[in-house]
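Reader: Please set out how the chains of this model meet, and what the computed contacts look like.

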Amino acid sequence: MPDTFFGWVIFLLNEYGDLFIQGTVNTVIIAITGTILGFLIGLLIAIARTIPILKNGFLIKKILLKILQFLLGVYVEVVRGTPMIVQSMIVYYGALQYFNIDIPAMTAAILIVSFNTGAYMAEIIRGGIISVDRGQTEGAYSIGMTHWQTMTSVVLPQAVRNIIPSIGNEFVVNIKDSSVLNVISVAELFFMSKSAAGTYLKYFEVFFITACIYLILTFTVTKILGLLEKYMDGPNEFIIHGSQSNSSAVIHVHKNDGGEK
Amino acid sequence: MAETIIEIKHLEKKFGNNEVLKDINFTANKGEVVAIIGSSGSGKSTLLRCINLLEIPTSGEIIYRNNNIQNGSMSLSQYRTKVGMVFQQFNLFNNMTVLENCVVGQMKVLKRNRKESEEIAKNYLDKVGMLQYINAKPKQISGGQKQRVAIARGLSMDTEVLLFDEPTSALDPEMVGEVLEVMKKLANEGLTMIVVTHEMTFARDVANRVVFMDKGLIVEDDSPKVIFTSPKQQRTREFLSRILRE
């Protein structure tokens with residue numbers, strides 16, 4: 001048996017490496033699918049909640065839209081207003097007790113994280129949509145684009161670009177908060193760590209390793225999203241083809257973002 | 001008799017209890033350049049925005065070539081491709097290049113293919129002198145350049161009428177000229193234009209008709225010659241003497 005701290009860390013890594021890897025993989029799967037599905041749910045909700053209700057539209061359409069927008073509001077409030085750990089118990093055991101459905105733990109985990117993220121994303125994306133200047137929408141309307149075309153081609157690309165930092169936040173939160181899913185026995189990183197710690201009662205050493213893994217995961221995500229932001233901004237130079245004196249000239253112009261509007 | 005393109009009948013617009021437009025009657029004929037002048041708050045921008053239905057009129061009719069726009073005889077989208085708009089704040093799509101700005105509407109709304117759309121866009125960008133900048137993003141070009149691209153964007157949609165909402169008011173003084181030059185060129189080529197403007201020289205020299213608005217009403221609608229030399233209404237005279245003194 002090792003007798004130093006690092007000795008134990010190495011010993012535990014050797015002994016339980018597979019558990020850590022499997023737990024990490026599951027955590028990453030839950031976080032990625034949860035964030036992506038949550039983003040899509042949030043997107044749909046945000047679009048539905050920003051559809052303008054026209055005064056002279058059809059009555060039935062107006063009523064349906066009002067009901068839909070109300071229900072979506074309820075969903076957002078309920079999911080944001082209750083802890084995820086409580087939701088997991090209700091969904092997992094509720095399905096079993098009342099509908100006799102034994103949802104596989106991983107499926108339940110992804111469902112819960114997705115719907116949670118969806119509720120937060122709905123508000124984040126709605127904020128992103130509102131932050132895009134009204135003039136962009138009017139510009140699109142003025143050339144005949146529909147609400148849907150305006151959203152998909154003009155508003156959402158700008159809204160999404162503006163909220164990447166917040167999406168990154170949600171992703172990081174999902175990596176960490178998926179640990180609460182251990183209450184429904186999902187084999188994610190925290191759950192696996194608990195199993196690994198049990199045998200030798202080396203809680204400190206095991207959770208030191210666990211903390212390091214979480215940190216590496218979240219740090220990587222932050223970096224990747226930073227690169228994505230740069231990519232979406234495009235190059236900050238453009239090319240002019242031809243000049244007044246020479247029609248085949250190619251001029252590279254560097255102009256930084258910001259400055260004049 | 002000139003061919004009427006847009007006819008406005010008894011148009012009213014209220015924001016809450018605030019009556020911004022009162023019983024507006026107005027027509028624009030093919031090839032005409034109509035300048036709408038008046039002090040701030042006279043309702044001239046609101047009128048323009050109502051014509052393009054960016055504001056929904058409280059009552060009244062908007063008729064485009066015998067189609068009443070509000071009763072659905074022509075889709076809103078279709079109508080707007082025919083009656084384009086150029087804004088004070090340009091409203092170019094910030095997430096697209098200059099070329100893309102003029103292409104996206106053609107592809108999405110008119111269902112043209114990319115090649116055709118790009119050709120048409122380049123043709124109009126050339127006309128406004130912005131062909132060299134097709135790869136630039138809106139934030140990389142000046143205000144005057146943005147406004148010229150916005151004009152090309154409108155024209156690319158096979159627009160029959162172009163509405164201008166104070167197109168030079170947000171520009172630095174040295175850039176006003178280049179935009180007015182483009183507008184003058186279009187006017188000479190016979191494009192129908194309705195221009196809300198504070199540029200009295202433009203209204204006097206380029207427009208065929210000048211409409212003076214005050215407090216939500218059309219006070220006078222006549223040729224620039226009459227409006228600028230012998231206006232019939234006291235309010236028109238007061239406004240012009242105030243603005244021309246500056």
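Reader: How much area do chain A and chain B bury between them?
Author: The model is predicted: local features need pLDDT of at least 70 and side-chain atom pairs count only at pLDDT 80 or more, while totals for chains, interfaces and linings use all residues. Residues are numbered from 1 along each chain as its sequence is written, chains are lettered from A and ligands numbered from 1 in the order in which they are written, and side-chain values use heavy atoms, with hydrogens and water left out. Buried area is the accessible area (1.4 Å probe) that two parts lose on being put together, summed over both. Of the area buried between chain A and chain B, 50% is on carbon and sulfur atoms, and the total is about 2,700 Å².

Reader: Which residues of chain A lose the most area to chain B?
Author: The contact (heavy atoms within 4.5 Å) takes 32 residues from chain A and 35 residues from chain B. Three residues of chain A together account for 22% of what that side buries, namely A:Ser142, A:Ile143 and A:Phe238.

Reader: Which element gives the most to the side of chain A that touches chain B?
Author: Across the interface, eight residue pairs are in polar contact, with both residues at pLDDT 80 or more; such a contact is a pair of N or O atoms within 3.5 Å, where within protein one must be able to donate a hydrogen and the other to accept it, and residues adjacent in sequence count only if both atoms are side-chain atoms. Helices (H or I, at least four residues) and strands (E, at least two) are DSSP runs, numbered from the N terminus. The elements of chain A that give two or more residues to this side are α5 (134-142), α6 (147-177) and β1 (237-241). With seven residues, the one that gives the most is α5(A).

Reader: Is A:Gln136 buried or exposed?
Author: A:Gln136 is found in helix α5 of chain A, and its side chain reaches the backbone nitrogen of B:Asn94 at 3.2 Å. Leaving aside neighbours within four places in sequence, the contacts of A:Gln136 include A:Val154, A:Gln158, B:Leu92 and B:Phe93. Buried means under 20% relative accessible area, exposed over 50% and partly exposed in between (1.4 Å probe, protein chains only). Because its relative accessibility is 3%, A:Gln136 counts as buried.

Reader: What is the radius of gyration of chain A?
Author: Chain A has eight helices and two strands, in the order α-α-α-α-α-α-α-α-β-β along the sequence. The radius of gyration is taken over C-alpha atoms, and the globule rule is 2.2 Å times the number of residues to the power 0.38. For 261 residues that rule gives 18 Å; chain A is well over this, so it is more spread out than a compact globule, with a radius of gyration of 25 Å.

Reader: What does the C-alpha trace of chain A span along its principal axes?
Author: Buried residues make up 43% of the 261 residues in chain A. Of the contacts in chain A with a separation of 6 or more, 70% are between residues 24 or more positions apart. The span of the C-alpha trace along the principal axes is about 80 × 60 × 25 Å.

Reader: With which residue does A:Glu229 form a salt bridge?
Author: A:Glu229 counts as partly exposed at 23% relative accessibility. The closest N and O atoms of the pair are 3.5 Å apart, and the partner is A:Arg161. This pair links distant parts of the chain, 68 residues apart: A:Glu229 is in helix α8 (residues 203-233) of chain A, and in helix α6 of chain A lies A:Arg161.

Reader: How many residues apart in sequence are the parts that B:Glu3 and B:Arg65 tie together?
Author: The side chains of B:Glu3 and B:Arg65 meet in a salt bridge at 2.7 Å, N to O. B:Glu3 lies in the segment before β1 (4-15) of chain B and B:Arg65 in the loop between β4 (59-64) and β5 (67-68) of chain B, so the parts tied together are 62 residues apart.

Note on methods: A salt bridge is a side-chain nitrogen of Lys or Arg within 4 Å of a carboxyl oxygen of Asp or Glu.
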